[in-house]
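Please examine the structure shown below. The briefing that follows is arranged by topic.

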Amino acid sequence: MIRIATLLLSVCFISSLAAQTTAEKRIDKSVDSLLKLMTLDEKIGQMNQYNGPWAATGPLTNEGNLVGQIKEGKVGSMLNVTGVKRTRELQDLAMQSRLKIPLLFGQDVIHGFRTIFPIPLGEAASWDLKAMEAGARVAAVEASAAGVHWTFAPMVDIARDPRWGRVMEGAGEDTYLGSLIAKARVKGFQGNGFGDTASVMACAKHFAAYGAAVGGRDYNSVDMSLRQLHETYLPPFKAAVDAGAATFMNSFNDINGIPATGNKYIQRDILKGQWKFKGFVVSDWGSIGEMINHGYSKDNKEAGMQAANAGSDMDMESRSYIQHLAALVKEGKVKMAVVDDAVRRILRKKFEMGLFADPYKFSNENREKTQWNNPQHRVVARDIAKKSIVLLKNEKQVLPVSKQTGSIALIGPFVKAKSDHLGFWSYDWPDDSTRIVSLWDGVKSKVSAQTKMLYAKGCGITELDKTGFAEAVETARKADYVILTVGETRDMSGEAKSRSSIQLPGVQEELVKEIVSLGKPTVVMISAGRPLVFNWTADHAPAILYTWWLGTEAGNAMADVLFGDYNPSGKLPMSFPRTEGQIPIYYNHYFTGRPAKNDSDRHYRSAYTDLSLYPKYAFGHGLSYSSFEYSEIQLSAPAFHAGQSLTATVSLTNKSKTAGTETVQLYIRDITASVVRPVKELKGFSQVTLAAGETRSVSFTLTADDLRFYNDQLQYIYEPGKFKLFIGTSSDNVKEAEFELK
Ligand code: NOJ
């Protein structure tokens, strides 16, 4: 019986593979036939993307007659056009062009569309890949119902510098975690595949190494070894290709002197060559023309030549292709084959999306209406929002708060805030004031009828005015329990939002001092788009919850955690520095010739004379209301050969009276290798939910493939030798064992 089932399954699998190939072949044939009909201008039109007239996410050029150009087939795609009505209007124009090639509508759907999810860095703190996939799925359902075909997400840039505003948009500092998250998000956006009206095309961005901008200053240069590029920055992009990402966006930065947009090595050799990427590459906004500012192109025409030849298939808002590509082809500076390849890639996606069959298939009023307020989407958003919260500190079990508490003072600028919970890259909808759940409302829905809720704002987020302090102190004094909220405004982290100081803005930490000094049971909640520095708070507040920007369901998710309806499980996806002077700080740095053993070991060591070596909170840190105990590590063998595997097991006990979820983390260290290796590298994790008092064993299986790295010849190899293996609750709190790869 089982054999018959297996046989049937493989027959189905083989025939579905065959069907896929047939479908692909059919599309390729259609693309080729269409290409034959196209003039050079029409081909170039497909490579041209304009911003819509209603919103902008970059510096506008606003030249030209948009309507006329669409009708002439000179526009292949538009961004920032949403809604069934608008997309239909513009698609109508495209249908008046000679070949009726449909427009593609792209949009920054970064962490939700109508329902806003936690910022991606916040979601990454959940380490819950399924929940992240589900979030991306909801975003795709909502955006596609509003006529959007294509999201400019996920951003998969590894980022180790919290001064960089765009850390909010990625998955943090770790390549392994970042690669898994990249896959989960691509899968979520693309759902059941192109052509399904509830799926959008994903776009892995920003290719590449944008997150390594010198000094954390946006758009800045990147200078790094190719080994570092391949080992740390490229794997999440490769993961996105493996997950089937339809498109890539290149980046604003140069890499070792060549702007990414004009960089043949990364776009042609790696992405389209080695990785065999079949989709297309869109430039970032104006990044082709910006090669002039880089000092790499003498004018917009040369920039167009360099970008096209390097593999940038679509020009977002530089107007370089539309103005100069035809001449460049005629002059022989860009080969027709280059144009054909780009246009083929773009047309293929339009066919796969089913837009030739029905250019309006994503413009359906009924679907737009039903998805506009789909209550199920809020359930998904609340789920990931509560899982994104990280409990940094909980002395004397100040948390969770009892729902029966006599009086609770809610203090600070985020108590009644709404849109500040959305964060950067989110949309403002006219009914936001009723849809976004504030902390006040979230708490109100939890506490007993007898609980008195008191409120004082205390201060603004950025303002220096302290006149509200007295009222805040008075209010806190009257209460049995204090919930104090501080953080960043929604536009303090994001594109072009780099900060040289990442302290709590304004007078907020002074407010924390005043309130915490009262000695009441107090929890400080920090809403922000990056790791912040808040040493006084960290050292004195009894409890701290890091809540990022949590989106539409912020208040509910916060209240779930505050009152213990959800036991916090988030773990930091980035190291939190003690001061800006420690930046860049990341857990998987290399050893040096003079490593310090600890903070007292500074003499001729690679340490600071005036500052600890260690972050305030390490990568992977995050507490729970439960307390988990790890046993020593058991290895299945002290050594193994390539082709075999090794199992490492710990037993994990929940020593508390509360059920909880722990993210068990596995790290390795290659003790000696042909190139220096990181002190620790994340190689696995497992999320385990244990009942009170329960013990469970957690195992990880390693093979030689997990021990691979790039050597100095850029070969991805493993080398026999000794390794350390660590399992624990965070990168700085682990058990340790040793094994050998023979
Ligand atoms: C510039 C940003 O870098 C990119 O991430 C975004 O997708 C485009 N603008 C379009 O808004």
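How much space lies in the largest pocket? About 1,000 Å³ lies there. The model is predicted, so local features need pLDDT of at least 70 and side-chain atom pairs count only at pLDDT 80 or more, while totals for chains, interfaces and linings use all residues. Residues are numbered from 1 along each chain as its sequence is written, and side-chain values use heavy atoms, without hydrogens and water.

**Largest pocket**

- A pocket is an open set of points on a 1 Å grid over the protein atoms alone, where a 1.4 Å probe fits, with protein on both sides within 12 Å along at least five of seven lines; lining residues have an atom within 4 Å of a point.
- The volume is the space filled by probe spheres set on the points, which are joined across faces, edges and corners.
- The lining comprises 32 residues, and Tyr-587, His-589, Leu-613, Tyr-614 and Val-679 lie nearest the centre.
- By class, the lining has 19 nonpolar, seven polar and six charged residues; nonpolar covers Ala, Val, Leu, Ile, Met, Phe, Trp, Tyr, Cys and Pro, charged covers Asp, Glu, Lys and Arg, and the others, Gly among them, are polar.

**Buried helices**

- Helices (H or I, at least four residues) and strands (E, at least two) are DSSP runs, numbered from the N terminus.
- Helix 8 (residues 226-233) is largely enclosed by the rest of the structure because seven of its eight residues are buried, that is, under 20% relative accessible area with a 1.4 Å probe and protein chains only, where exposed means over 50% and partly exposed lies in between.
- The buried residues of helix 8 pack against helix 7 (175-190), helix 9 (235-242), helix 10 (264-274) and strand 24 (709-710), contact meaning heavy atoms within 4.5 Å.
- Helix 12 (residues 300-310) has eight buried residues out of eleven, so helix 12 is also largely enclosed.
- The cover over the buried residues of helix 12 includes helix 10, helix 11 (290-293), helix 13 (320-330) and helix 14.

**Asn-364**

- Asn-364 is in the loop between helix 14 (336-352) and helix 15 (365-372).
- Its relative accessibility is 34%, so Asn-364 counts as partly exposed.
- Leaving aside residues up to four places away in sequence, Asn-364 touches Val-84 and Ala-145.

- The open sheet has mixed pairing and the strand order 19-27-26-21-22; strands pair if DSSP finds at least two bridges between them.
- Strand 19 (639-640) and strand 22 (681-690) are the edge strands.
- Strand 26 (residues 721-730) and strand 27 (residues 733-741) run antiparallel, joined by nine bridges.
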